[in-house]
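Could you walk me through this protein, starting from one spot in the chain and working out to the whole?

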Amino acid sequence: EPGATIQSSANLGELPPKGVHSLVVMFLFFQKVDKFSSYPVYHSVYETYEIVEQYYDPTFKNHRAVAQVRGGLVFELANSLVLPFDCRDYAEALKSYARIIYNMTQKYPTEVTTYSVSLDPLLSAVKNFSEAASDFHRRLQQLDTRKLLGVRSWNDQLMFLERAFIDPLGLPGTPFYRHIIFAPNRHNKYAGVSFPGIYDALFDISNQADQRKAWEEVKRQISIAAYIVQAAAGTLREPS
């Protein structure tokens, strides 16, 4: 989950604001077998090379496995004529994230009605993105890979899609995070949240002194997210 750890929070701070795809690959213990939540010296002064070499991974087989996975991914990306990204997966994720926000708003039925809060613009934008993604991959099946300029154009659309989710103004309170789909939770840096602008506006909203102002901010964040998702859908359409 993006933003779920300090390390990936740093990635989110540096890469998505520039619209660069980022990926964290790590080795995890077997939760069904190991009866602990993490190794005991995690993020302590005792987390050293020596303790890894002597106890945790003496032969470095786990490190080697992670490096091989990373290398395989890089090789596949470099060796693919068309980038192996499937925008339809992104569309399904957006649907799931929108449902999370919808469920959050359902906890406040009175306020939603009183302050005329509607997620329709966001849900409509997500639907349009899903349709654009499906059409994009339908057209991909007809791509003539012998036409290199056409392939380049296709790859550019895939590569730059992530940049379409950037808000140049950044998120409220954390302008260095500018991705409107993924960001660390402002209240818990170890947890990632989706549609962070809306999520943070809804967080603990019932305890806000000025309820009208608080819900106006929710509406503003919904508008921003809907606009950017709709714009991202436009980047997947067939160039004129």
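Leaving out residues up to four places away in sequence, Asp 57 touches Val 52, Asn 62 and His 63. The model is a predicted one, and in it the side chains of Asp 57 and His 63 are joined by a polar contact of 2.7 Å. You will find Asp 57 in the loop between helix H2 (49–56) and helix H3 (61–79). Is this aspartate buried or exposed? Its relative accessible area is 4%, so Asp 57 counts as buried, the cut-off for that being under 20%.

Let's step back to the whole chain for a moment. The protein has nine helices and two strands, and along the sequence they follow the pattern α-α-α-α-α-α-α-β-β-α-α. Of its 240 residues, 37% are buried. Among contacts between residues at least 6 apart in sequence, 66% join residues that are at least 24 apart.

The average pLDDT of the protein is 86, and 87% of the residues score at least 70. Over residues 3–17, however, the pLDDT is below 50, although this stretch has 42 contacts in the model beyond near neighbours in sequence. Where pLDDT is low, the predicted coordinates should not be read in detail.

Now to the inside of the protein. The largest nonpolar core has 48 residues, and those that touch the most other members are Leu 94, Leu 122, Phe 129, Phe 165, Ile 181, Phe 195 and Val 229. Two or more residues come from each of H4, H6, H7, helix H8 (196–202) and H9. Which element gives the most to this core? That is H9, with ten residues.

Setting aside neighbours within four places in sequence, Phe 129 is in contact with Cys 87, Tyr 90, Ala 91, Leu 94, Leu 161, Phe 165, Val 229, Ala 232, Ala 233 and Leu 236. Phe 129 is also one of the buried residues of H6, a list that includes Leu 122, Val 126, Phe 136 and His 137. What covers the buried residues of H6 includes H4, H7, H8 and H9. As for its length, the 21 residues of H6 should span 30 Å at 1.5 Å a residue, and the end C-alpha atoms are 30 Å apart, so the two values agree.

H7 can be read in a similar way. Helix H7 (residues 148–160) has 13 residues, which should span 18 Å at 1.5 Å a residue; its end C-alpha atoms are 18 Å apart, in agreement. Its buried residues are Val 151, Trp 154, Asn 155, Gln 157 and Leu 158. Why do they lie on the same side of H7? They cover an arc of only 155° around the axis, which puts them on the same side of the helix. The face turned away from that buried side carries the exposed residues Leu 149 and Arg 152.

Gln 221 lies in helix H9 and is buried, with a relative accessible area of 5%. Its side chain makes a polar contact of 2.8 Å with the side chain of Glu 217. Apart from neighbours within four places in sequence, Gln 221 is in contact with Pro 172, Gly 197, Ile 198 and Ala 201. In helix H8 there is Asp 200, which counts as buried at 13% relative accessibility. Not counting residues up to four places away in sequence, Asp 200 touches Asn 185, Arg 186 and His 187.

Finally, have a look at the backbone at two loop residues. Phe 195 sits in the loop between strand S2 (188–194) and H8, and it has a positive phi of about 45° although it is not a glycine. With a relative accessible area of 1%, Phe 195 is buried. Ser 116 is in the loop between helix H5 (109–114) and H6; this serine has a positive phi of about 55°, again without being a glycine. Ser 116 is exposed, with a relative accessible area of 54%.

Technical notes:
Residues are numbered from 1 along each chain as its sequence is written. This is a predicted model: local features need pLDDT of at least 70, side-chain atom pairs count only at pLDDT 80 or more; totals for chains, interfaces and linings use all residues. Side-chain values use heavy atoms; hydrogens and water are left out. Helices (H or I, at least four residues) and strands (E, at least two) are DSSP runs, numbered from the N terminus. The expected span of a helix is 1.5 Å times one less than its number of residues. Buried means under 20% relative accessible area, exposed over 50%, partly exposed in between (1.4 Å probe, protein chains only). The arc is that of the directions from the helix axis to the C-beta atoms. A nonpolar core is a set of buried Ala, Val, Leu, Ile, Met, Phe, Trp, Tyr and Cys residues joined through side-chain atoms within 4.5 Å. Contact means heavy atoms within 4.5 Å. A polar contact is a pair of N or O atoms within 3.5 Å; within protein, one must be able to donate a hydrogen and the other to accept it, and residues adjacent in sequence count only if both atoms are side-chain atoms. pLDDT is the predictor's confidence in each residue, from 0 to 100.
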